[in-house]
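Hi there,

Here is the structure I promised to pass on.

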Amino acid sequence: MIRFEDIYETVHRHHPEADLELLRKAYIFSAVEHKGQTRASGEPYLVHPLEVAAVLAEMRMDPACVAVGLLHDVLEDTLTSPEKIQEYFGEDVLHIVEGVTKISKIPFSSSEERQAENFRKLLLAMVDDVRVILVKLADRLHNMRTLQYLPEERRQRIARETMDIYAPLAGRLGMSKIKNELEDLAYQYLEPETHKILAARVEERRKEATAFIERVKGVVAEKLRTSGIEAELEGRIKRLYSIHQKLKRQRIDLEQVYDFVALRVLVPTIPDCYAVLGILHNLWRPVPGRIKDFIAMPRPNGYQSLHTSVIGEEGHPFEIQIRTREMHQVAEEGIAAHWKYKEGKSGFDKDDQAFAWLRQLLEWQQEVKDPHEFLNSLKLDLYPEEVYCFTPRGEVKTLPRGASPIDFAYAIHTEIGQQCVGARVNGKIVPLRYKLKNGDIVEILTSPGHHPSRDWLAVAVTNKARGKIRHYLNAAEKQQALEIGKKHFERELKRFDLSLKKLQAEPARLEGLAQELGVGTKAEDLFSAVGYGKVAMRQVLARLVPPEKLEAPQVKERPRPIADAVRRLFRVGDERIKVKGTDDLLIYRAKCCNPIMGEPIVGYITRGKGVSVHAQSCPNVMNLMYDPERRIDVEWDRGGEGAYEVRIAVEVEDRPGLLAAITAVLAGMNTDIRNAEARTFDDRTALIDMTLRIQDLKHLEKVVKSIRGVAGVIDVERQAVAR
């Protein structure tokens, strides 16, 4: 267990002139308030705030921030009042504690909304006082270090949240040390089998790699000493999660990872960095295309360094990073190294361009009301890869990697984006799906009266472009639905000798009907709901027409054998999926993601085809859900029966008997194989595509786990579409 005195000494070392009495008061206060509480590990709860404070102390934070590390849970987990914290520690400490407190008084209907709201508050707090996010990251880091004591379901949820939000956020803030540890810890719990195998393989190479690093350090140290350059040398073996990403992305073997081992050279000045680069290139042959100058062109999070890969002894490639000590501190600590605490003020300097991205993100998130869309946007914006393109006049536009001319057009002006019909890149006409590259000169071609199309959502990647496209499509769809709904109303009312005009003369009646059906408060809301297909006209007529008229033979609906057959084919209503509050909508599972029983699902009202049901994780969901009016709540009917065809891809070693071993495992689990195809590759691996009959998500998870347990199986992935 960490000792308070260790934290005290660390803060004193970094802030020798500061009054540290605040720290001692915070420690005693936290110990008293958390007395008797324990963590899932069985340890006293006080261990957690001490560890969080220790992380902040190592980040060289000021005494007030470290004190918040000790106090960050007292509002959430004890009976302490905000007034008491302010009385004991002042308004500054209270402000930061409130910023990291997870309690929310607003009731939310789903966990995703609650999560989105928390991140909004978190980001807003960052601009107000950067220490809020630093305490939050330190808190998450210690929770990840002790994740093994929690139940499996909570471990998975926290690890996924860490990988999706907190690790990228730390990276975007330039805090690579924390980002790296968060990623490695999350990877361990999200993919335990892959992690175990890779860790064993890396461990086999560790002794040889360590010896290689020591030999290289000796050679470089001697060469730099004779050249008169003062330097500090560090060696490292690439992190497990980073290796895993590279192997998966590039489909290469561990021996082909160029930067498996790396040497870091720390020097006093920038000229020394370039001098060292020249010396090392004379010593070893550089790998073409692997030299990166992040000193002249820093990454968006402020990272600066020279990177090069060289061919060392016996043909072994390795990476070298060259930077000043100040650059190294920024690389490790990121925003904590930039953090300002002058005259009692903290937060971002408005002139600090390194964090301009944060202000842009905040401006966007305040406009976004839909939590699904916000979380998707947040994940996109946290990743730092960017491209720099020019207008014909030479103005630089910064866009995310993968951006298209549509994104560029909206970056110039909304009207130019709305009227975009094409683009010239470097003088040549390119399609709108073209992915922009660094240095491209982009000219947007426009046409008055032209409007965005739904296809643009598959091409645009920036928040601004996607938001403006969605806004236009939403308005157009709503108007169309309103007109269709009115026509449908008029046609159906005529069958019962009723007039829409007379009904509209009684607005209160239509407004009450809209509220009763849960579609809004206005007559227009009711018409739109009918036009979208969200409300069946039968439900409206049941409230407007006397029952005896509805049951009269002359107005009974004609039999619809084709529609009924389609309903049976697609399993409508209460068979396997139900629409909440409605029992007569056509429902079918989307082919793009093929959701199965137990998966979180979302419904989308289509034009004339009923409700399309997608898995929440489906990549198409965000493109479809640009119009919240067309989202509808759906759920699995636990009483429904039947199996689902699911396609999986199994990557294996190419050896005799492996396919038989896999089929034997499946037979032992009573899992029917509908189809199987195998392909072999030159690297003595093979890929087996299988279509299986699966009962539900738990069944699929057990099948995947069993297949992964077969000796010789490298990886198992579920494919998007079942054939």
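Below is what I found in it.

A word on the basis first: this is a predicted model, in which local features need pLDDT of at least 70 and side-chain atom pairs count only at pLDDT 80 or more, while totals for chains, interfaces and linings use all residues. Residues are numbered from 1 along each chain as its sequence is written, and side-chain values use heavy atoms, with hydrogens and water left out.

The overall fold: the protein chain has 30 helices and 23 strands (DSSP runs numbered from the N terminus, with H or I of at least four residues for helices and E of at least two for strands). Of contacts (heavy atoms within 4.5 Å) between residues at least 6 apart in sequence, 66% join residues at least 24 apart.

The surface: the accessible area is about 37,100 Å², and carbon and sulfur atoms hold 50% of it (Shrake-Rupley method, 1.4 Å probe; for residues, only the protein chains shown count as cover). Of the 723 residues, 47% are buried (under 20% relative accessible area; exposed is over 50%, partly exposed in between; 1.4 Å probe, protein chains only).

Do look at helix H4, residues 63–71: nine of its nine residues are buried, so the helix is largely enclosed by the rest of the structure. Among them are Pro63, Cys65 and Leu71.

Finally, the cysteines. There are zero disulfides (pairs of cysteine sulfur atoms within 2.5 Å). Cys592 is in none, and its nearest cysteine sulfur, that of Cys618, lies 3.5 Å away. Cys592 is partly exposed because its relative accessibility is 25%, whereas Cys273, at 0%, is buried.

Best wishes
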